[in-house]
Amino acid sequence: MQFSFDSYKKLIYLIKKNGYELANYEDYEDFERPCILRHDVDMNLQVAEKFAELEMHEMIKSTYYVLLTSDFYNVFSERNLKSISNILSMGHEIGIHFDEQRYKKQLEDCKDDDERIKEIEFAVKNEASILSEVIGYKIKTVSMHRPSKIVLNADMKFPELINSYGKKFCNEKFKYVSDSRMHWRENVEEIVSKKQFPALHILTHPIWYSNDDEGMVKRLHELFKINIYQTYKSLDNNFKNLDEVIVEEEILCKLQQF
């Protein structure tokens with residue numbers, strides 16, 4: 001499968017054509033052949049918002065997982081809060097994308113795996129509560145960012161959160177496939193078309209998709225450009241008379257050369 005918007009639309013078409021029904025982590029038992037679509041937002045919320053628009057036009061709903069501890073975006077900023085609000089207004093859900101590496105020091109200080117799991121459980125619930133309050137929406141599910149074997153093997157369960165990496169969603173009740181690092185480890189279109197699995201769980205990362213199948217290097221260059229331009233616009237909002245120092249046209253010119 002190519003990493004283009006048209007290819008993703010084709011995947012949606014195949015899902016529907018082959019008798020799968022779009023579901024979420026709460027209502028999947030209501031469907032005979034459910035398919036859960038999930039998206040991890042690792043780098044840019046505006047790119048995710050564009051992806052959410054594509055899905056809305058295709059009349060489907062999915063879940064977007066947002067990092068509270070990202071080095072790439074700040075969920076508290078006006079721009080990113082607006083993107084999250086827009087994604088919700090399209091009928092999609094927002095979940096917490098949890099990065100256990102953010103707690104590396106605390107986890108190293110734990111005496112055993114059981115204590116590490118308890119530390120992670122506390123941190124997940126805390127981050128979900130914070131994100132819920134910030135965006136005014138009850139967070140119901142969690143997706144682990146680069147989960148360790150400890151987390152995967154623990155089959156972690158939370159009182160008020162559904163773990164998207166729970167065993168039933170990853171190859172127990174569902175066939176789980178992912179495009180991590182811009183690479184499908186299995187042929188997702190073939191999996192859908194063969195209809196051999198009663199339930200599907202598909203993870204995509206919006207950052208990899210564009211009008212054309214650009215390849216990883218070109219796509220990363222495009223993401224660098226987007227982030228550089230957004231940094232300039234943020235500076236312009238917070239730096240008096242920025243155009244007296246550097247004008248927007250100069251930034252755009254340099255980005256074209258990148």
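Q: Which helix holds Ile-117?
A: A quick orientation: this is a predicted model, in which local features need pLDDT of at least 70, side-chain atom pairs count only at pLDDT 80 or more, and totals for chains, interfaces and linings use all residues. Residues are numbered from 1 along each chain as its sequence is written, and side-chain values use heavy atoms, with hydrogens and water left out. Helices (DSSP runs of H or I, at least four residues) and strands (runs of E, at least two) are numbered from the N terminus. On that numbering, Ile-117 lies in helix α5.

Q: Is Ile-117 buried or exposed?
A: The classes rest on relative accessible area: buried is under 20%, exposed is over 50%, and partly exposed is in between (1.4 Å probe, protein chains only). Ile-117 has a relative accessible area of 13%, so the class is buried.

Q: Which residues is Ile-117 in contact with, leaving aside neighbours within four places in sequence?
A: Contact here means heavy atoms within 4.5 Å. With its neighbours within four places in sequence set aside, Ile-117 is in contact with Ile-150, Val-151, Ala-154 and Met-156.

Q: How far apart in space are Ile-117 and Leu-107?
A: Along the sequence, Ile-117 and Leu-107 are 10 residues apart. From C-alpha to C-alpha, their separation in space is 8.7 Å.

Q: What span should helix α5 have, at 1.5 Å a residue?
A: The expected span is 1.5 Å times one less than the number of residues in the helix. Helix α5 has 23 residues, 113–135, and its end C-alpha atoms are 33 Å apart.

Q: Which elements do the buried residues of α5 pack against?
A: The buried residues of α5 include Ile-120, Val-124, Leu-131 and Ile-135. Their partners comprise both strands and helices: β3 (63–67), α3 (78–89), β4 (93–99), α4 (104–108), β5 (141–145) and α6 (149–154).

Q: Which residue caps the N-terminal end of α5?
A: At the other end, just after α5, Gly-136 takes a positive phi of about 70°. At the N-terminal end, a side-chain oxygen lies 3.3 Å from the backbone nitrogen of Asp-114, and it belongs to the capping residue, Asp-112.

Q: At what distance do the side chains of Asp-99 and Arg-146 make their polar contact?
A: Asp-99 is placed in strand β4 and is buried, with a relative accessible area of 10%. A polar contact is a pair of N or O atoms within 3.5 Å; within protein, one must be able to donate a hydrogen and the other to accept it, and residues adjacent in sequence count only if both atoms are side-chain atoms. The Asp-99 side chain reaches the backbone nitrogen of Gln-101 at 3.1 Å. With the side chain of Arg-146, the polar contact of Asp-99 is at 3.4 Å.

Q: Which residue's backbone nitrogen does the side chain of Asn-24 reach?
A: Asn-24 lies in the loop between β1 (21–23) and β2, and at 17% relative accessibility it counts as buried. Beyond its neighbours within four places in sequence, Asn-24 is in contact with Ile-36 and Glu-93. At 2.8 Å, the Asn-24 side chain reaches the backbone nitrogen of Glu-26.

Q: Which residue takes a positive phi just after α2?
A: Helix α2 covers residues 45–57, and Asn-44 caps its N-terminal end with a side-chain oxygen 2.9 Å from the backbone nitrogen of Gln-46. Just after α2, a positive phi of about 60° is taken by Met-59.
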